[in-house]
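Please consider the structure shown below.

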Amino acid sequence: MAIEFSRKDMLPPLPPPVSERGAVKWARENLFSTPLNIALTVLGVLVILWLVKSALPWWLNSVWNASSLSECRAIVEASAGAGATGACWAMLRVWWSGFIFGFYPSAEWWRPILSLGLLFAALSPALFAGQKRNLTIVIAGAALFLVVALYLAETPATAFVLSMVLILGLLALAQVAPAKLLWFTLIYPALMLWLLWGGSVWLPIVGMAGFGVLYFVFRLASPFIGLAPAAGLGVVAAALWWLYIDVPVVNQLQGLLPFGIPSIDSDEFGGFLLATVIGVTAITFSLPIGILLALGRQSDMLIVKTLSVGFIEFIRGVPLITLLFTASLLLQYFLPPGTNFDIILRVIILVTFFAAAYLAEVIRGGLAALPRGQYEAADALGLDYWRAQRLIILPQALKISIPAIVSTFIGLFKDTTLVGLIGLYEPLKGITQLVRADTNWKGIYWEPYIFVGVIFFVICFGMSRYSMYLERKLKTDHR
Amino acid sequence: MKKSVFFGALAATTLVSGMALAATLDDVKARGELLCGSNTGLTGFGSPDASGNWSGFDVDLCRAVAAAVLGDANKVKFVPTTGETRFTALQSGEVDLLVRNSTWTFSRDTELALDFVAVNYYDGQGFMVKKDLGVSSAKELDGATVCIQTGTTTELNLADFFKQNNISYQPVTVADDSEAQRQYLAGACDAYTTDASGLAASRATMPDAENHVILPEIISKEPLGPVVRHGDNQWGDIVRWTYFALLVAEEKGVTAANVEEVLASTADEEVKRLLGASGDMGAKIGLDNDAFKRSIAAVGNYGEIFARNIGEGTSINLARGLNALWTQGGLQYAPPFR
Amino acid sequence: MAMATDVPKDGFRLSMLIYDTRYRSYTIQLVVLVLFALAVAWLLSNTVQNLAARGKEFNFGFLWQRAGYDIGQQLIPYTNDSTHFRALLVGLINTLVVAFFGCIFATILGVLIGVLRLSKNWLVSRLMTIYVEMFRNVPLLLWILLSYVILSETTPQPRDFRVTDEMAAAGKEPAAAMMLFDTVAVTNRGTNIPSPLFERGLGTLDLGFLSLNLTFWAIVAVIAGSVWVNRRILASARATQEATGVRPVTWWKSILVLFAPLIALLIALGFHLEIPELKGFNFAGGILVAHSFTALLIALTLYTAAFIAEIVRAGIMAVSRGQSEAAFALGLRPGRTMNLIILPQALRVIIPPLISQYLNLTKNTSLGIAVSYLDLRGTLGGITLNQTGRELECMLLMMLIYLTISLTISTLMNIYNKSVQLKAR
């Protein structure tokens with residue numbers, strides 16, 4: 001009889017040794033795998049400890065309620081002993097509005113807030129064309145933001161209701177006809193300018209009518225003189241409209257039907273409002289110029305190419321600060337004697353040129369990244385230059401450029417801090433300088449800079465994460 | 001493309017046209033607002049608070065001019081300018097009047113085609129050092145590190161002073177007053193040099209003011225005053241005489257509070273002319289006869305402006321010194337209102 | 001006798017300028033050119049009118065007037081009696097010095113951080129990520145201001161170094177001490193470092209328009225000569241190796257050739273270091289590196305390094321895994337894999353964006369204005385502009401100089417880029 005000795009059931013597996021599981025394993029693999037790694041880990045821990053040790057008491061002793069720096073210091077000394085240092089965030093109670101809105105009148109704060117909310121609504125069709133779900137999410141988020149922010153800013157009831165009607169209308173539009181939202185994107189720039197600077201309601205309407213004139217002339221003339229000359233004629237007609245007809249018509253209409261909101265002078269803009277306005281307007285207006293420059297740089301026509309390259313290389317070759325000084329010191333020399341318009345507008349013009357040159361390079365990269373076959377296919381279909389660009393090349397090139405455009409915008413947004421050097425009240429140099437010149441807070445140093453730095457970080461980090469997400473998403477589409 | 005809409009929308013509100021050399025007075029009246037070039041933020045002389053209300057010694061002069069020209073001291077738009085952009089802003093017509101601690105010098109008056117119409121503050125460049133440095137004269141500063149604001153006449157004066165006395169120094173240029181003060185307090189420079197008024201103002205706001213001394217040497221004359229464009233004499237006269245009106249008001253004891261009362265009761269012919277009760281002083285320079293009365297009612301006389309913004313008792317705590325009236329041993333002297 | 005091949009004369013119509021593709025591009029170019037010329041003429045005429053209205057003239061004569069102001073950091077001799085042009089040169093050199101050191105340090109730090117970010121060490125890679133994100137997402141201006149204030153607030157004052165008689169008697173140490181064998185003193189005004197001095201210097205050769213420091217150029221010439229001879233030695237060693245298979249020993253020759261002539265020259269010139277000493281208010285002797293320079297350099301380095309780290313990381317990740325696996329399969333050690341396989345390939349991806357970072361860094365030196373570093377913008381575009389009131393000339397000249405610097409850097413780097421790129425066949 002053969003003795004059968006075999007196990008009928010499996011032994012339960014032993015737990016892995018201590019060094020091979022849980023936190024220990026993770027630490028062994030991730031922190032202490034080699035002598036070099038051990039050294040690096042120790043070094044890292046030391047750095048963190050040093051940072052915490054040197055800054056923590058200062059943070060812990062923060063004072064949130066005081067009316068001047070000396071009072072702050074007295075409170076810190078009283079609570080933490082003589083010689084102790086502490087942050088004095090009480091300064092923000094007085095100055096936070098300066099950092100965010102500059103000197104924008106507090107009764108009108110709803111206008112920049114509404115512009116910001118609508119900005120997201122206006123951007124969404126460009127980013128998620130026709131994707132109902134994403135559109136809804138973004139616009140609903142904007143609506144939520146508006147409800148909270150407008151409430152906090154003590155918005156007048158009428159403005160509150162109208163804003164809600166507008167954003168909910170957009171939300172409804174996104175459900176019914178998502179493609180139609182693009183129209184809102186197109187009218188948004190005029191709406192934003194009107195909201196921010198105020199004035200007669202007819203200003204944006206009559207201004208936008210200029211585009212109507214352009215289109216009308218173009219359609220009327222194109223059967224007779226061809227596309228390009230008709231487009232040129234349209235531009236001339238629109239320019240004439242804006243130069244000569246716009247203002248009288250606005251005045252007439254305003255006389256008949258006086259609707260409007262109080263107008264705000266440019267010099268009341270400041271803080272992050274100013275930084276955002278300069279950044280967003282410059283990037284918006286630089287996009288069309290940047291596209292034209294990029295196409296010009298790729299063009300076969302020698303003169304067009306030379307001019308484009310010259311412009312791009314010139315702008316990219318000089319520091320932004322010299323362009324800003326040009327805006328504040330030199331622009332007046334180049335314009336007809338007596339012309340004088342406000343410094344923010346001049347800065348926006350120069351920053352737009354600056355952004356356009358950088359965007360042109362970004363878009364050129366996008367154009368270069370397109371496979372040669374796309375160009376050849378467009379030619380094979382017999383499309384002319386503009387049709388090929390509009391239907392085949394640019395949509396693809398712009399799509400792959402979006403992450404780089406966002407990066408350009410982040411850079412530009414950070415660079416808006418430089419306008420403080422020519423006397424505008426941007427948050428980092430302008431408003432901070434005012435805080436430091438304020439008799440109550442004279443001698444304060446770290447707090448305003450940290451506050452401004454943190455806000456910049458949050459905004460820029462958010463945008464850069466978003467652009468990375470976009471990059472990943474767009475990449476999969478292309479492989 | 002969209003750029004044009006921007007222009008269109010802003011054209012009506014911001015595109016202000018007018019020849020830079022045309023009559024500034026007409027421009028100001030047509031605009032209904034005085035554009036006044038001011039500091040980006042100098043405690044006591046001109047800076048906005050958190051809600052954007054400007055105040056200060058220089059700011060009040062702008063308000064006085066606005067009150068005289070437009071009848072309302074609040075119809076002023078303050079355009080912040082830096083040391084580098086201030087004169088260009090004036091030349092290009094961006095501002096009508098520059099009141100920003102600007103020193104009256106030969107080259108600015110001639111080469112830059114500007115007119116300094118008066119001196120609203122007589123200043124001089126001085127040095128401040130810490131007491132424990134043991135220095136009692138600026139001539140002992142051989143080898144010292146000196147903090148100095150860039151873009152001002154003080155740089156040139158400093159270089160001249162050390163050269164004349166044949167001693168050496170290490171300049172540390174800084175961008176603005178608050179930064180200079182921080183560096184000085186941190187000990188990054190042995191001495192801080194700027195206008196004596198600025199030194200006193202800095203010292204007054206320091207937590208340990210008693211540990212700092214302002215050295216006796218005043219190494220330069222710094223007559224600070226309002227500036228207008230060269231070539232528009234009428235506008236220059238308006239600014240000049242508005243300022244003198246404030247001085248005469250102090251001399252005659254007319255204040256913001258008692259101006260109506262004095263007007264009703266005075267027997268002094270010059271006061272009557274000043275306040276528009278006799279003669280037509282205002283009309284002669286293109287304003288109305290009540291112009292100076294309005295200025296005084298709006299901001300007070302020179303002494304009141306001084307006391308309110310930078311005088312003893314404020315955080316700046318400056319003595320009148322050279323800026324006392326001539327009757328009290330100072331230099332402030334207004335030509336007769338006649 | 002008309003030939004049969006006579007082409008039918010195609011009458012030229014004006015409309016062909018628009019419709020015929022052969023002519024259209026000429027038409028467009030002509031229109032663009034005319035518009036451009038009109039725009040330029042318009043700008044010029046405006047400028048002329050404006051200048052006339054302000055009673056100014058366009059001329060650069062002011063560059064030869066006395067400047068009258070002092071500059072803290074001057075690498076070529078300058079006093080307040082020098083001309084504005086000299087001040088411009090001092091500023092230009094200051095700009096270039098910051099840019100030069102900034103590029104070098106940022107590259108070293110950037111590569112280090114980029115590699116560490118890919119490290120398997122969790123803590124280190126996270127720390128590096130925090131570093132990169134922190135510096136990339138906050139404006140450079142803030143970093144410049146902060147590094148300046150940290151430098152001037154945390155370092156001791158010069159008088160803390162002083163040893164008074166009482167302290168000596170009590171055996172007390174001063175509050176602060178010099179570093180590196182008492183040769184370097186870091187105060188809250190700047191860093192005092194020893195300066196090289198020559199007892200028997202060669203003097204200067206004055207050529208009228210510029211003066212050459214002969215000592216400096218002699219040293220440069222000797223170093224260049226040594227390097228050249230060393231290369232010859234190595235080349236001949238390689239030739240021998242290829243011919244015979246045996247590489248001759250060269251290391252002692254190299255050391256001798258590289259160092260002996262230099263040391264001999266320095267001894268001959270009487271080289272010694274002048275060590276800074278506390279005298280009066282400040283350290284005297286040696287070279288003072290002001291904190292405005294150090295802060296600007298540190299901030300530019302840290303900020304640009306964050307961007308370079310990302311470029312390096314992307315470059316390394318762009319090299320396909322198969323490359324390193326193949327290298328391991330060939331038996332190469334990890335270090336050699338990195339040096340011989342990965343980095344050369346990554347370099348092709350890294351260099352083009354690296355060039356634009358160098359350009360950015362160079363342009364960003366103009367932010368020295370925030371800490372009043374007197375670079376080109378601070379002298380020509382700052383004090384000179386302000387004291388002479390010649391904004392048009394100063395700004396145009398300044399832009400032209402910056403443009404020249406940028407174009408020079410990008411040209412040089414593009415030549416280098418061409419030399420490392422794959423030669424496509």
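Predicted model: local features only at pLDDT ≥ 70, side-chain atom pairs only at ≥ 80, totals over all residues.

Residues are numbered from 1 along each chain as its sequence is written, and chains are lettered from A and ligands numbered from 1 in the order in which they are written.

In chain A, helix 9 comprises 24 residues, 202–225. Helices here are DSSP runs of H or I with at least four residues, strands are runs of E with at least two, and both are numbered from the N terminus. From first C-alpha to last, helix 9 of chain A reaches 33 Å, close to the 34 Å expected at 1.5 Å a residue; the expected span is 1.5 Å times one less than the number of residues. Among its buried residues are A:W202, A:L214 and A:V217, buried meaning that 20 or more other C-beta atoms, placed from the backbone, lie within 10 Å of the residue's own.

Chain B is divided into domain 1 (20–121 + 224–322) and domain 2 (125–220), with bounds from an automatic or database domain assignment. The C-alpha centres of these two domains of chain B lie 30 Å apart.

Chain B also meets chain C, in a contact that takes 31 residues from chain B and 28 residues from chain C; residues are in contact if their C-beta atoms, placed from the backbone, lie within 7 Å. On the chain C side, helix 12 of chain C gives the most, with five residues.

Technical notes: Buried ≥ 20, exposed ≤ 12 C-beta atoms within 10 Å, placed from the backbone. Contact = placed C-beta atoms within 7 Å.
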